[in-house]
Amino acid sequence: MSEVVISSENRGITITEMWEKHSGMIIASASLLMIGLGWITERNGLGGWSIICFVLAYVVGGYRKAWEGLETLIKERDLDVDLLMVVAAIGAASIGYWMDGAVLIFIFCLSGALEDYSMEKTNQDIAAILKYRPEEAMRLSGDTETKVKASELHLGDVVVVRPGERIPCDGMILAGISAVDQASITGESIPVDKATNDPVFAGTMNGQGALQIKVTKAANDTLLSRIIHMVQEAKNELPPSQLFIERFEGIYAKSVVGLAVMLMILPPFLFGWTWKETIYRAMIFLVVASPCALVSSIMPAMLSGISNAARKGVLFKGGVHLEQIGNVNAVAFDKTGTLTEGKPKVTDIFPVEGNSEEDLLRLAASLEHLSEHPIAKAIVEAAHKQNLILEQAATMQAVTGMGVSGTVNGKECRIGKRGLLLGLVLDADKLNKAQQLESEGKTVVFVESEDQFAGMIAVQDILRTHAVEAIQQLKKMGKHVVMLTGDAKLTAEAIGRAAGVDEIFAELMPDEKLQMIKNMTKTYGKVAMVGDGVNDAPALAAASVGIAMGAAGTDVALETANVVLMTDDILKIPYAISLGIRTSRVMKQNITFALAVILVLVSSNFWGGLNLPSGVVSHEGSTLLVILSGLRLLR
């Protein structure tokens, strides 16, 4: 087709693009025009011309459906509703009801066009993710910048991203400071400040600063690529209810054809009907008994639910998981990185008398600032937040599994577990305070300076924002909530109590977490497991629905899970369950409505004098209502 350009306010739109986008409505409009011309010529006594117009209406409006129906019949040896509609229209024409058959073709064609538009609307929110994938990158080699395809970037490459450009890779910032808009990945509405050593994601938008970024993930392994892959899986994977409907459709269509054939033959002998009336009633039966609305009861609702969830940062890898999550009776949470942030933070500082909290924190951070241990990082981060100037530490030495020793301002200092400071004698008050902090699930580190006790600092992996609220919502929904963790019992119990879970299981190995999920499944039925780490993968796979933390989660967890929380907000879990419940409810309503309409129309055909146009309008109207009902889930 020629690429003639039609003027537009914003850009040129080719005829090809217009046809691809609006072909269904264009065909329906052309069919309606032919019907109008046929009606006018018939009213003016031009019977021959009216039949030609009606035939054109049949051909224009019905060729697509007829071709699709024949392909299904020949290639798959199965009947579908498309072929039933075309046969009904041809049957009506064969007994002189040209206008009625043409109207059937038009309304069926219009229904298909509107359904296409509905499906397009449903998929827009998900498909929009694809536009975030950058096509090009500026690779830096020495002082030379080279423009390359983003897909050609390799691990270790360095790219330059200027202000306002989209970041082309998952990587680590080597140089530069900027605010990065991560809404496309995490759903965060406010740009996040990024500096050296901070991670960035492909598809996010750089703010006001220029960045040099080291590539840490191959192009096909970026978080954005995994999201796109999940989206494609979600669109292609059919839920059990839809698979059942599709199997049922084939059996049902064959039954309708068989009954229609019987209705074309038996009534003249049994009820004394004329052959014309018999065939007419059989054609109406073909129309009103076709399962169009029934077939449309599931997928529009399912895709609308998936689309709704995607907008809110919850990615379902398929409709089956949206259907499953609405039926879960218990939810199991991992602790570290799931219920908690996975990053220890300083919670309490207790210096000895005569020293301030700032002095103790400065000393501890000076000792720890070169360490990569999570507790050390927490202490250094706390010092930075208070804008404390750290001292230069010397003769640093790590004591494996115990702590660190070194010299600060010429004084020999140590920081670590109580066992590192065995030479110190602590009074009962200090020991009791340490035991109290540990009973609260906190890790206590002791600080010594010049063989004198300097104080102690408590560190804890704190609960995620909204964790308590999420668990309360789940319990209000009647879900049994448990925590499964490999952490120590005291720590687990402290976090579990604070979170408000029903049961706490601590010191579990990965295989023991898996066994716990199996036991819970026997007790409660369907179980959802929420986790982020490699050790959670077996439990995620065994659960009815595995839910992974998208930003904090490991690759293994993301691949194993059925649902991904892109913002790591566990408050989205009760939302996802309620969405699953709503989706199932809407689908059941649609199926009930579709079957009720078929029953009423079939009954009216034989006992209420239903005519073909009324049957067509009622049948196709029910299909549109079912589709619109499914689209409610977009809200």
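**The sheet and its surroundings**

Modeller: In this predicted model, 6 strands make up an open sheet with antiparallel pairing, and their order is S13-S18-S17-S16-S15-S14. At the edges lie strand S13, residues 340-351, and strand S14, residues 393-399, each of which pairs on one side only. On average, neighbouring strands of the sheet are turned by 20° against each other, with direction ignored.

S13 pairs with strand S18, residues 452-463, over 8 bridges in the antiparallel sense. Asp-348 has Ala-458 of S18 standing opposite. A helix also belongs in this picture: H16, residues 428-439, packs on the sheet. Helix H16 touches S13, S18 and strand S17, which spans 443-449. The direction of H16 makes about 15° with that of S18.

Now for the surface. A nonpolar patch of about 960 Å² is formed there by Leu-259, Val-261, Met-262, Ile-265, Leu-266, Phe-269, Leu-270, Phe-271 and Trp-275. Two or more residues of the patch come from each of helix H7 (240-265) and helix H8 (267-270). H7 gives the largest share, 4 residues. Trp-275 also belongs to the patch, and its place is in helix H9, residues 275-288. Trp-275 has a relative accessible area of 46%, so this residue counts as partly exposed.

Key: Residues are numbered from 1 along each chain as its sequence is written. This is a predicted model: local features need pLDDT of at least 70, side-chain atom pairs count only at pLDDT 80 or more; totals for chains, interfaces and linings use all residues. Side-chain values use heavy atoms; hydrogens and water are left out. Two strands pair if DSSP finds at least two bridges between them. Axes are lines fitted to C-alpha atoms, for helices over the stretch in contact, and angles run from 0 to 180 degrees between N-to-C directions. Contact means heavy atoms within 4.5 Å. Patches are made of residues with over 30% relative accessible area and no salt bridge: like charges are joined within 9 Å, nonpolar side chains (Val, Leu, Ile, Met, Phe, Trp, Tyr) within 5 Å. Accessible areas come from the Shrake-Rupley method with a 1.4 Å probe; for residues, only the protein chains shown count as cover. A salt bridge is a side-chain nitrogen of Lys or Arg within 4 Å of a carboxyl oxygen of Asp or Glu. Buried means under 20% relative accessible area, exposed over 50%, partly exposed in between (1.4 Å probe, protein chains only).
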